[in-house]
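Here is a short briefing on one protein model. Look at the picture first, then read the points below.

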Amino acid sequence: INRRIETLLGSDSVQIAVTKVAGEERFKLVRRDGSTAKHLSEGEKTAIAFSFFLTKLQEIKEFDKAIVFIDDPISSLDNNHIFQVNAIIKEVFFEHDAGTNQWKAKCKQVFLSTHNFEFFGLLRDIGPTKPTKVRNYLVKRLTPTTSTFMNMPESMAKYSSEYHFLFSVLDEFQKSPDKTDFKVLMHVPNAVRRF
């Protein structure tokens, strides 16, 4: 766990120590100087939780039959850390078959969700290379309390830049014969702002 935390944070500023409490072993978060780690940043909390999760996965005896879901492992980490997280995911969940020159998952299925387009691009590049083995979805909010899965737009799944997707939204609006169509119109203000 400590090795992973150090990799994610880039330092040993927070570590997990095993201590005895009433005769039982307990985890304690400590700072480099040995003091109890208090007031953790959101990034530190994410790094600790993700490190613990990956360590617990090692206890699965038949990992090749496991179905794993990881919900945005970089949500509170800054962009400098997405490459470390990507490398860890690649190491833990995928292997390269030199004979077929294909990437394949080490577990039965792995689901990864993110709202970071740059991280999505990195993930897309490490997965299996056969399109039938990979599906990309987008979660679309329907109301304040309901959402649905939809197929990811081709422009988003195909290109490695968020700007390609934003351009496709603007281009779709430009080419639309009905500029009042709510489906087309709804995405334009945010796309213009971000583009």
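The structure holds seven aromatic pairs. One of them joins Phe27 and Phe52. The model is predicted, so keep that in mind as you read.

**Aromatic pairs**

- A pair of aromatic rings is described by two things: how far apart the centres are, and the angle of the planes.
- For Phe27 and Phe52, the centres are 6.4 Å apart and the planes make an angle of 80 degrees.
- That pair counts as edge-to-face, because the angle is over 60 degrees.
- The pair links distant parts of the chain, with Phe27 and Phe52 lying 25 residues apart.
- Phe27 sits in strand S2 (residues 24-31), while Phe52 sits in helix H2.
- Phe27 has a relative accessible area of 56%, so Phe27 is exposed; the cut-off for exposed is over 50%.
- Phe52 has 34% relative accessibility, so Phe52 counts as partly exposed.
- Elsewhere, ring pairs tie Tyr163, Phe167 and Phe195 into a cluster.

**Glu44 in helix H2**

- Helix H2 covers residues 42-57, and Glu44 is found there.
- Is Glu44 buried or exposed? Glu44 counts as buried, because its relative accessibility is 12% and the cut-off for buried is under 20%.
- Which residues does Glu44 touch, leaving aside those up to four places away in sequence? They are Leu9, Ser13, Val14, Arg31 and His39.

**Overall build**

- The protein has eight helices and eight strands.
- Its radius of gyration is 21 Å, whereas a compact globule of 195 residues would have one near 16 Å.
- The C-alpha trace spans about 75 × 45 × 30 Å along the principal axes.
- Take the contacts between residues at least 6 apart in sequence: 49% of these join residues at least 24 apart.

- Of the 195 residues, 29% count as buried.
- The protein exposes about 13100 Å², and 54% of that comes from carbon and sulfur atoms.

Note on methods: Residues numbered from 1 in each chain as written. Predicted model: local features only at pLDDT ≥ 70, side-chain atom pairs only at ≥ 80, totals over all residues. Heavy atoms only, no water. Helix = DSSP H or I, 4+ residues; strand = E, 2+ residues; numbered from the N terminus. Buried < 20%, exposed > 50% of the residue type's maximum accessible area, 1.4 Å probe, protein only. Contact = heavy atoms within 4.5 Å. Rg over C-alpha atoms; globule rule 2.2 N^0.38 Å. Areas by Shrake-Rupley, 256 points an atom, 1.4 Å probe, with all protein chains shown as cover. Phe/Tyr/Trp six-rings, centres within 6.5 Å; stacked < 30°, edge-to-face > 60°.
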